[in-house]
Amino acid sequence: MATPEVVSQGRLIVEAQALKWGLPQSTVEDAILIASELLTNAVRATRHQPISLRLALVPGGLRIEVWDTSPDKPEASTPDLTMPTRSVPEDTPDPGGWGLGIIATLTKEHGWRPEHGGKSVWAVLGGVTVSPDGKGDEQPSR
């Protein structure tokens, strides 16, 4: 279910699977951040509805995908960078707006598609090849 707790659970799942695949630490860290952003967006869009996280080694990268029940196209928003004019309580929710920009910066490609009455939002981290044993290896940077 799309609750805030699922984001931290998703981070742990991504980290464990990426390490099992033998991916380099920098790729693992980027994958955790991307999954966190995708899951957070799903939670915000479909609170208390089903969501799913999928990971796959694909030619040239690691694909991270989150499905949720909202059919709405994900839209990038502009983060509010203005300084507050008064004190803001520590428990004030972050207004957000960074997620899709972070994903666009870290990935070689990303997108979304309607699926099963909702949508899947996906991102592919480049620089990873799949070896014959099914594990990922970092490609040299160019």
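**Fold and a salt-bridge network**

Running along the sequence, the chain reads α-α-β-β-α-β-β-β-β. That comes to three helices and six strands, where helices (H or I, at least four residues) and strands (E, at least two) are DSSP runs numbered from the N terminus. The model is a predicted one, so to speak of local features a pLDDT of at least 70 is needed, side-chain atom pairs count only at pLDDT 80 or more, and totals for chains, interfaces and linings use all residues. Residues are numbered from 1 along each chain as its sequence is written, and side-chain values use heavy atoms, with hydrogens and water left out.

Now for the overall numbers. Of the 142 residues in the chain, 37% are buried; buried here means under 20% relative accessible area, exposed means over 50%, and partly exposed covers what lies in between (1.4 Å probe, protein chains only).

On to the charged side chains. Side chains of opposite charge can pair when their charged atoms come close. The structure holds six salt bridges, each being a side-chain nitrogen of Lys or Arg within 4 Å of a carboxyl oxygen of Asp or Glu. A network of such bridges links Arg54, Arg63, Glu65, Arg113 and Glu115.

Arginine 54 turns up in two of the pairs described here. One partner is glutamate 65, with the closest N and O atoms 3.1 Å apart. This pair links distant parts of the chain, eleven residues apart: arginine 54 sits in strand 1 (residues 51–58) and glutamate 65 in strand 2 (residues 61–68). Arginine 54 is partly exposed at 32% relative accessibility, whereas glutamate 65 is buried at 6%.

The other partner is glutamate 115, at 2.8 Å from N to O. Glutamate 115 belongs to strand 3 (residues 109–115) and arginine 54 to strand 1, so this bridge ties together parts 61 residues apart in sequence. With a relative accessible area of 15%, glutamate 115 is buried too. Glutamate 115 also meets arginine 113 in a salt bridge, this time at 3.5 Å from N to O. Arginine 113 is partly exposed, its relative accessible area being 29%.
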